[in-house]
Amino acid sequence: MDSHEIAYLSHKGKYTAFKFNDLIIRFLTSSRLNKYLNIKKWNNGYIEVMADFQKVGIVEDYIDLRPILDNLNIDKKLFLTPIKEVQIKYDEC
């Protein structure tokens, strides 16, 4: 897969970061999130991810980027269409 088709997900502190090419989108996340573990499914802006949370453990979590992109006035179709895969990569974001 071409690296220009891969986006990256991570978090630091109270923020999740989603990076694609040169754009990094940061948004608030649960203060109990320890770490994202793996991506189960990418569906054009909707992410199913396994995550480790304090006091809960490992659970499936969901991130919908579409309303976040709307709030930032980013064209969803233009931004999301080239993304073919999302990976967890903490040193990227």
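Two strands count as paired here if DSSP finds at least two bridges between them. Helices (H or I, at least four residues) and strands (E, at least two) are themselves DSSP runs, numbered from the N terminus. With that settled, strand 5 and strand 6 pair in the antiparallel sense over eight bridges.

A quick word on the model. It's a predicted one, so local features need pLDDT of at least 70 and side-chain atom pairs count only at pLDDT 80 or more, while totals for chains, interfaces and linings use all residues. Residues are numbered from 1 along each chain as its sequence is written, and side-chain values use heavy atoms, with hydrogens and water left out.

Three strands make up an open sheet in the order 4-5-6, with antiparallel pairing. Strand 4 and strand 6 sit at the edges with a single partner strand each, so one side of each has no neighbour in the sheet. From one strand to the next, the twist averages 25°. (Axes are lines fitted to C-alpha atoms, for helices over the stretch in contact, and angles run from 0 to 180 degrees between N-to-C directions.) As for who faces whom, Phe 53 stands opposite Gly 57 in strand 6.

Now for the charged side chains. A salt bridge means a side-chain nitrogen of Lys or Arg within 4 Å of a carboxyl oxygen of Asp or Glu. Searching the whole structure turns up three of them:

| Salt bridge | N to O distance |
|---|---|
| Lys 40 and Glu 60 | 2.5 Å |
| Asp 64 and Arg 66 | 2.8 Å |
| Asp 70 and Lys 76 | 3.1 Å |

Lys 40 is partly exposed at 47%, and Glu 60 is partly exposed at 30%. Asp 70, at 39%, is partly exposed as well.

Finally, the inside. A nonpolar core is a set of buried Ala, Val, Leu, Ile, Met, Phe, Trp, Tyr and Cys residues joined through side-chain atoms within 4.5 Å. The largest one has 22 residues, and Phe 18 and Ile 83 have the most contacts inside it. Among the elements that each supply at least two residues of this core are strand 1 (6-12), strand 2 (15-20), helix 1 (65-71) and helix 2 (76-80).

Methods. Buried means under 20% relative accessible area, exposed over 50%, partly exposed in between (1.4 Å probe, protein chains only).
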